[in-house]
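Dear colleague,

I am handing over the structure we spoke about, and my notes on it follow below. Please read them with the coordinates open beside you.

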Amino acid sequence: MGQYKLGNKSLKELTGVHQDLVAVVSRTIELTVQDFAVHDGIRTLEEQRRLVASGASQTLDSRHITGHAVDLVPYINNKLRWEWELIYKIADAVRAAAKELGTPIRWGGAWDLTLTDTDDATEDLVADYSARRRQAGKKAFIDGPHFELPKMLYP
Ligand SMILES: [Zn+2]
C-alpha cells in the first residue's frame, strides 16, 4: 500500500466514470509519490458549456461528459496546486498504473500520442508536443491534469 488514499470527494467524482479508468486511478493513488485529488470526473453538458465559455476547455465533445476522462490535480495541505513539477509525478504514476493494468491512456500533456505507448520523460513529452504544435503553426492547448481513455478503443 502507498502513502495516499483517495478522499471522499475524489471518490464521488469517480461516480459514473468508466470502470477501466477508475481502476487506473485507484492503482495510481497507490503508486504515486505526489498526492492528488480527482478534481473532475463526469460532467454534464451544462457544466461543459460553462467551461468552454470561460476558456477552460475547448470542446463541447469532452470525454468527461461520457465518463471517459478524469482530471487529477496535485493536492498538498488541503490545497489543489496546478504546478508542472508536481503534475509530471502524477503523470508518471498514471502511466505506471495503466501499463500494469494494460489500459491505454491519453494525456492532456501530449494529446497526439498515447501516454502508455512511450517511456519518454513526461516533461519531455510536453516539450516535444508543444514543439510539434508550434511547427504546425498551431497553439498547444496543454491540460496536464487530464487523463482519458482513447476514443478509438473506448468509443
Ligand atoms: Zn479534463
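**The strand pairings**

Valine 38 has leucine 72, in β2, as its bridge partner. That pair belongs to the antiparallel pairing of strand β1 (residues 36-40) with β2, which extends over 4 bridges; two strands are taken to pair if DSSP finds at least two bridges between them, and the elements themselves are DSSP runs numbered from the N terminus, helices being H or I of at least four residues and strands E of at least two.

Before going further, two points of bookkeeping. Residues are numbered from 1 along each chain as its sequence is written. The model is predicted, and local features need pLDDT of at least 70 while side-chain atom pairs count only at pLDDT 80 or more, whereas totals for chains, interfaces and linings use all residues.

β2 also pairs with strand β5 (residues 146-148), the two running antiparallel and joined by 3 bridges, and here alanine 69 has glutamate 148 of β5 as its bridge partner.

As for burial, strand β2 (residues 69-76) is mostly covered, with 7 of its 8 residues buried; a residue is called buried if 20 or more other C-beta atoms lie within 10 Å of its own, exposed if 12 or fewer, and partly exposed in between, with C-beta atoms placed from the backbone. Just after α3, glycine 55 takes a positive phi of about 90°.

**The helices**

Helix α2 (residues 19-31) and helix α4 (residues 84-101) have axes that come within 8 Å and cross at roughly 125°, where axes are lines fitted to C-alpha atoms, for helices over the stretch in contact, and angles run from 0 to 180 degrees between N-to-C directions. The two helices α2 and α4 are therefore oblique to each other, given that angles under 35 degrees count as roughly parallel, over 145 as roughly antiparallel, 65 to 115 as roughly perpendicular and the rest as oblique. Residues making the contact include Ala23, Val24 and Arg27 of α2 and Ala93, Val94 and Leu101 of α4; two residues are in contact if their C-beta atoms, placed from the backbone, lie within 7 Å.

Leucine 21 is also placed in helix α2, and it counts as buried because it has 23 C-beta neighbours inside 10 Å. Not counting residues up to four places away in sequence, leucine 21 touches His68, Val70 and Leu149. Leucine 21 and leucine 149 are 128 residues apart in sequence, yet 6.9 Å apart in space, C-alpha to C-alpha.

**The chain as a whole**

The protein chain has 5 helices and 5 strands, which follow the pattern α-α-β-α-β-β-α-β-α-β along the sequence. Its radius of gyration is 15 Å, close to the 15 Å that the globule rule gives for 155 residues, so the chain is as compact as a globular protein of that length; the radius is taken over C-alpha atoms, and the rule is 2.2 Å times the number of residues to the power 0.38. Buried residues make up 37% of the 155 residues.

Kind regards
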